[in-house]
Amino acid sequence: MITVVGTGTGAPLPDDVADGAELVVGARRHLEAARLPERAERIVLGPLAPALDAIEEYVAKDRRVVVLASGDPGFFGIVRALAERFGARRLRVRAGVSSVAAAFARAGLPWDDAVVVSAHGRELRTAVNVCRARPKVAVLTGPGSGPAELGAALRDAGRVLVVASALGDPARERVERVTPAEAAARDWGPAVNVVLCLDERRALTSVRTVAGPAAGPAGWALDEDAFTHRDSMITKFEVRALALARLGPRLGDLVWDVGAGSGSVAVECARLGAAVVAVEKAADGARRIRANAEAHGVDVRVVHGTAPEVLAGLDDPDAVFVGGGGRELPDLVARCARRARRTVVVALAALDRVPGAREALTGAGFTCDGVLLQSSRLAPLPGEVSRLAATNPVFLLWGVRPPARTEGVAQ
């Protein structure tokens, strides 16, 4: 057996943790704090591969191994690597209190409905998008992905950050509540454990029956009457269903809805977990989008302005939905395609606009496909009978960036 022991957030190691161990692996501070058998070999954790190789040699000879770790070693910790290499049945894990649990405890908040994302050794953009989409997020930080960088990316998101540093260390522990702008202006040093990103309006409103982030919505491609709109100027649910399938919005993504109108596509992408920016040139349309987002309990950043001019100040999206458009549509689609990391979906009512939009997608290096959607809905007639009422046909084009262009994108 391999015994894995978590120390909690600064809690001392039990005196008997390494009794009988012939190999003890851990960070230098853990090895120095533990009472170790004199004959036990010690390995200071640096690169993981050499430590795993050494552990394998001891396991093969049925010799006892102890691995020391911080917090809960099964939570973004070494248990994953050990289980993959040696199998879960060989592990005996003594979990401590994770830094996330400790941070929420210090903040006085429940965390059964929180989303946890690691920015340690990963792109910060995924953590930023999760923070924009969800009201309660814990971010495990790393070099170059700390409170300052997170704060700089969330200045306009209406969030509060709780920065928990050196948790469990009586001399150094600090828990501070700051605005994103205040976080961005500080040098936090290397001791940060976790940052809580909170939408304080909604951080305590969730009623949970199952622990973990909320599941996806019970339904999608909602009826048009689920949204406030003007004179039926809204993407019909049949079109929206296929558009959502091609956009593939998910937690950690950023989606643009350009020419958002009522914001039905934006709201549905947000309901499916993505961070969303809705671009709309009409002031009453921008107000409508905000109202629809509020009604459905999601965050949508509304940018009131004309595309493509306002797109320059936005972060690169994973996916883009383009609705409507006039003669400038090919140029707009081309600009969106140059920025999109994965896909662009374009909805068009005018036949004449299809070739230009298609050429814009293929010209940007996307593979392009499309469909003409024609649907007829059941409509009542006198005498308790029904007829088929045709909706306006819509062309839906989608371009997908070839896989080689998405290498390195966080999944």
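**Stop 1: the whole molecule.** Start with everything in view, and keep in mind that this model is predicted. Along its principal axes, the C-alpha atoms fill a box of roughly 90 × 50 × 45 Å. Now switch to a cartoon view and colour by secondary structure: there are 12 helices and 19 strands to find.

Stop 2: How much of the protein is buried? Of its 411 residues, 48% are buried. Next, think about which parts of the chain touch. Taking the contacts with a separation of 6 or more, 65% are between residues 24 or more positions apart.

**Stop 3: two helices side by side.** Hide the surface and select residues 329–339, which form helix α11, together with residues 354–363, which form helix α12. Angles under 35 degrees count as roughly parallel, so α11 and α12 are roughly parallel to each other. The crossing of this pair is right-handed.

**Stop 4: where they meet.** Show side chains for the residues that make this contact:

- From α11, pick L329, P330, V333, A334 and A337.
- From α12, pick G356, A357, A360 and L361.

What kinds of residues make up the contact of α11 with α12: nonpolar, polar or charged? The contact has 8 nonpolar residues and 1 polar residue, with no charged ones. Gly counts as polar, so look for G356 on the α12 side.

Definitions and conventions. Residues numbered from 1 in each chain as written. Predicted model: local features only at pLDDT ≥ 70, side-chain atom pairs only at ≥ 80, totals over all residues. Heavy atoms only, no water. Axes fitted to C-alpha atoms, helices over the stretch in contact; angles between N-to-C directions. Helix = DSSP H or I, 4+ residues; strand = E, 2+ residues; numbered from the N terminus. Parallel < 35°, antiparallel > 145°, perpendicular 65-115°, else oblique. Left-handed = near helix turned anticlockwise from the far one by under 90°. Contact = heavy atoms within 4.5 Å. Buried < 20%, exposed > 50% of the residue type's maximum accessible area, 1.4 Å probe, protein only.
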